[in-house]
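Subject: Structure handover

Hello,

Here is the structure I promised you. Please open it alongside this message; my notes follow.

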2 protein chains.
Amino acid sequence: MKVITTIAEMRQVRSQQTGSVGLVPTMGFLHEGHLELVRRARVENLTVVVSIFVNPSQFGPEEDFISYPRDPERDLALLEKERAGIVFMPEAQEIYPEGFSSWVEVKRITDRLEGVFRPGHFRGCATVVAKLFNIVEPDRAYFGQKDAQQLAVIRKMVSDLNMNLEIVAVPTVREPDGLAMSSRNTHLSRKEREAALILWKALCHAQELWDNGERSAERLRQEMTALIVGQPLARIDYVSVADPETLEELVEIDRPALVSLAVWIGKTRLIDNISLE
Amino acid sequence: MKVITTIAEMRQVRSQQTGSVGLVPTMGFLHEGHLELVRRARVENLTVVVSIFVNPSQFGPEEDFISYPRDPERDLALLEKERAGIVFMPEAQEIYPEGFSSWVEVKRITDRLEGVFRPGHFRGCATVVAKLFNIVEPDRAYFGQKDAQQLAVIRKMVSDLNMNLEIVAVPTVREPDGLAMSSRNTHLSRKEREAALILWKALCHAQELWDNGERSAERLRQEMTALIVGQPLARIDYVSVADPETLEELVEIDRPALVSLAVWIGKTRLIDNISLE
């Protein structure tokens, strides 16, 4: 496994690859969810590049950039085991040199959900992903469905700016009890970890209502909200039943829908979602 | 010569090219300046792609998008003569489909000069150029030095977003009397055409002052301004002596400098520049 820290070396190594290249962009502190992305990429490509970069520009000034969990040695051991071919782990200075001033902005779908609570977040995401695409020039890039809006933003960017690669979405990996895997789960105390299950419970409840024929989006939002409010350690940012492409809130669920939520458990902000279709 | 109007066909034809590809992005109504770009691209690449696209997103609502001169048949005849291999001339709908909402924004250097008088202009330029780069995937792209700030913005975008191609700047081509070639010159009446020479005269005066050892940027700006104000058909947007990379106005000319100006001649806005080095 080759570990690369500079753009120049990444370019040079990339230019030697003759077969297809799959990119798995991550912020490190890898869990089963990331490893699923790597496995899928390995099946579909001759070479797999995993990037590890905690991207400062997608964190707000009040957010957890400093405390975001990091463990590069453990990450490298996990990736070695998964037989990832290349790991690209640049320093912040390499990606954002002095005087950096160009940004990719995806408008409209970034005004909703996460975009409301994390202004600037998707500008940071889109920009760093565009940079990684230009540096690695992958044939395919792999993203988890857990970050559903991020996935929608990246797809929109790729389509609008005619980027020449395929975006592959991989289903969310969950703990045995249903909690979505997330690097931020490590921040949860034992009590919070129990309380965090409320996100999955609320999503399962929405699924059940829908399975039983409920088609009022408002009804789903209300019942999920009531469930979560009953958990004293939880504080809701949003509960949404929306069109999966435009992310506009639905009134009637007359098409596939993205049910998503963002909930604080103590000082940790968690997100999760399911698709109704 | 192959004329292509869809992105899908452009991609397909591009994927068959094995040698280097040079891209010359234009808005059509070609003149000697454009043809110089094509010739330079032909010398340096196996295949030359010329794009012709009057990009609506780089024109302000009050600007001359509608009246911008167009003559695709003449353009194609000229390019045939120059042995351009491929012409990419998409409709606006192909480049900006319904719901388009992603933009490339280069900050700071776009706050100056043209950016002050044409808000949103460089966002439109950078975005369409990024799209053309992604569609054509050239090894080199060719831009005229006449649009000096555009060139600086494109270079900054390429560097910041790690786009994998070389930007080649080609010197401004001038009429025998010194007027910089521009598609907009066609709008000038005979009297305005005479008056338009004031841009070149002002630039030559700046060069002369500098050749004689003058190093005060303000002195250059003042003398150029005085010259232009003496021409009754001319109205100044700006006269600038700036750092060629950051475009910050200089006080003392203690390094290479970009001397640039934008001047209305009647209802036609002209720009021009020289480098002092």
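Two strands count as paired if DSSP finds at least two bridges between them. By that rule, three strands of chain A form an open sheet, in the order β8-β9-β10. The pairing is antiparallel. Please keep in mind that this is a predicted model.

**The sheet in chain A**

β8 (234–242) and β10 (268–276) of chain A are the edge strands. Each has a single partner strand, so one side of each is left without a neighbour in the sheet. From one strand to the next, the twist averages 10°. β8(A) and β9(A) (residues 257–265) run antiparallel and are joined by eight bridges. For a landmark in this pair, take R235(A): it stands opposite W264(A) in β9(A). A helix belongs to this picture too. α10(A) lies across β8 and β9 of chain A and runs at about 165° to β8(A).

**Helix pairs in chain A**

Two packed helices are described by the angle between their axes and the distance between the axes.

Start with α9 (residues 197–211) and α10 (residues 217–229) of chain A. They pack at an angle of about 150°, with their axes 9 Å apart. Angles over 145 degrees count as roughly antiparallel, and α9(A) and α10(A) are therefore roughly antiparallel to each other. Their crossing is right-handed. On the α9(A) side, the contact is made by I198(A), K201(A), A202(A), H205(A), A206(A) and L209(A). On the α10(A) side, the residues are R219(A), L220(A), E223(A), M224(A), L227(A) and I228(A). By class, this contact has eight nonpolar, one polar and three charged residues.

Next come α6(A) and α7(A). Their axes come within 10 Å and cross at roughly 55°. α6(A) and α7(A) are therefore oblique to each other. This crossing is right-handed. α6(A) brings F122(A), C125(A), A126(A), V129(A) and A130(A) to the contact. α7(A) brings Q150(A), V153(A), I154(A) and M157(A). The contact of α6(A) with α7(A) has eight nonpolar residues, one polar and no charged ones.

**Between the two domains of chain A**

Chain A is divided into domain 1 (2–170) and domain 2 (183–272). Their C-alpha centres lie 26 Å apart. Domain 1 of chain A gives 13 residues to the contact, and domain 2 of chain A gives 12. On the domain 1 side, α5 (114–117) and α7 (148–160) of chain A each supply at least two residues. The largest share of that side, three residues, comes from α7(A). The domain 1 side divides into eight nonpolar, two polar and three charged residues.

**Between chains A and B**

How many residues does each chain give to the contact? Chain A gives 23 and chain B gives 23. On the chain A side, the elements that give two or more residues are α1 (7–15), β5 (102–106), α6 (121–136) and α7 of chain A. The largest share, five residues, comes from β5(A). By class, the side of chain A that touches chain B has 10 nonpolar, five polar and eight charged residues.

β5(A) also pairs across the two chains. Five bridges join β5(A) to β5 (residues 102–106) of chain B, and the strands run antiparallel. Within this pair, E105(A) has W103(B) as its bridge partner.

Best wishes

Notes. Residues are numbered from 1 along each chain as its sequence is written. Chains are lettered from A and ligands numbered from 1 in the order in which they are written. This is a predicted model: local features need pLDDT of at least 70, side-chain atom pairs count only at pLDDT 80 or more; totals for chains, interfaces and linings use all residues. Domain bounds come from an automatic or database domain assignment. Two residues are in contact if their C-beta atoms, placed from the backbone, lie within 7 Å. Helices (H or I, at least four residues) and strands (E, at least two) are DSSP runs, numbered from the N terminus. Ala, Val, Leu, Ile, Met, Phe, Trp, Tyr, Cys and Pro count as nonpolar, Asp, Glu, Lys and Arg as charged, and the others, Gly among them, as polar. Axes are lines fitted to C-alpha atoms, for helices over the stretch in contact, and angles run from 0 to 180 degrees between N-to-C directions. Angles under 35 degrees count as roughly parallel, over 145 as roughly antiparallel, 65 to 115 as roughly perpendicular and the rest as oblique. A crossing is left-handed if the near helix is turned anticlockwise from the far one by less than a right angle, and right-handed if clockwise.
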